[in-house]
Amino acid sequence: LNSEDLYARYNLGVALIRGVDVEHGTAFLDEPGRQPMVDEDGRALRDKANVALGFAALKAGKPQEARNYLQRVRLEGIEANAALLGFGWAADALADPKLALVPWIELAGRDPSDSAVLEAQLAVPYAYAELHADAQALKRYETAITNFQNEDANIDATIAAIREGKLIDGDAWQLGRASMIA
């Protein structure tokens with residue numbers, strides 16, 4: 001299939017899944033999800049298809065299927081954070097918090113400006129609590145609170161920069177990142 005056909009299959013598959021025909025949607029998404037791709041755009045599409053398949057399987061109560069789809073996603077691609085988050089939730093649904101910790105700890109250490117990273121920072125202590133590792137859970141919850149406060153401050157700094165017209169200069173993002181590093 002050419003890239004236009006793969007994008008069409010992806011879009012149709014997502015529409016079918018959202019429109020309650022999960023079985024046919026899955027069939028449409030599975031082809032681009034398995035397809036070897038020759039360029040970065042194609043690999044990104046494959047990752048998107050597998051993330052969509054994984055979360056659809058999670059929603060359908062099929063965590064093992066979700067894991068199978070999410071394992072296809074590259075760890076360094078644009079969809080990696082979503083895949084790691086979903087992979088952890090699939091392990092949690094299989095009542096295996098120790099297995100959930102593996103992707104969640106990896107994800108929790110990534111850029112906290114991504115909502116999946118922030119969710120993982122809450123999921124890690126949740127998994128520790130499930131394992132009755134209360135001291136580790138408490139420490140991770142405290143770290144998550146600090147990180148959420150930092151991101152809240154970054155958002156406030158960005159809003160202030162927008163109001164002052166600095167965003168047009170491209171400085172607002174840098175302001176937010178600099179306050180996080182400091």
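1. A residue is called buried when its relative accessible area is under 20%, exposed when that area is over 50%, and partly exposed in between. The model discussed here is predicted. Trp 104 has a relative accessible area of 0%, so this residue is buried.

2. The structure as a whole contains 2 aromatic pairs. In one of them, the ring centres of Trp 89 and Trp 104 lie 4.6 Å apart with the planes at 65°, and the pair is therefore edge-to-face. Trp 89 belongs to helix α5 and Trp 104 to helix α6, so that distant parts of the chain, 15 residues apart, are linked.

3. Trp 89 has a relative accessible area of 26% and is therefore partly exposed. Its ring also pairs with that of Tyr 126: the centres are 6.0 Å apart and the planes stand at 40°, so this pair is tilted. Because Trp 89 is in helix α5 and Tyr 126 in helix α7 (residues 115–130), the pair ties together parts 37 residues apart in sequence. Tyr 126, at 27% relative accessible area, is likewise partly exposed. Trp 89, Trp 104 and Tyr 126 make up one aromatic cluster.

4. Helix α4 (residues 63–70) has Pro 63, Ala 66, Arg 67, Tyr 69 and Leu 70 as buried residues. Viewed down the axis of α4, these residues fall within an arc of 165° and so line one face of the helix. Their cover includes α2 (22–34), α3 (40–59), α5 (80–93) and α6 (97–108).

5. On the surface, Leu 122, Tyr 141 and Phe 148 form a nonpolar patch, with about 250 Å² of accessible area together. Tyr 141 is located in helix α8 (residues 134–163); its relative accessibility is 33%, so Tyr 141 counts as partly exposed.

Note on methods
Residues are numbered from 1 along each chain as its sequence is written. This is a predicted model: local features need pLDDT of at least 70, side-chain atom pairs count only at pLDDT 80 or more; totals for chains, interfaces and linings use all residues. Side-chain values use heavy atoms; hydrogens and water are left out. Patches are made of residues with over 30% relative accessible area and no salt bridge: like charges are joined within 9 Å, nonpolar side chains (Val, Leu, Ile, Met, Phe, Trp, Tyr) within 5 Å. Accessible areas come from the Shrake-Rupley method with a 1.4 Å probe; for residues, only the protein chains shown count as cover. A salt bridge is a side-chain nitrogen of Lys or Arg within 4 Å of a carboxyl oxygen of Asp or Glu. Helices (H or I, at least four residues) and strands (E, at least two) are DSSP runs, numbered from the N terminus. Buried means under 20% relative accessible area, exposed over 50%, partly exposed in between (1.4 Å probe, protein chains only). The arc is that of the directions from the helix axis to the C-beta atoms. Contact means heavy atoms within 4.5 Å. Rings of Phe, Tyr and Trp (its six-membered ring) pair if their centres lie within 6.5 Å; planes under 30 degrees apart count as stacked, over 60 as edge-to-face and the rest as tilted.
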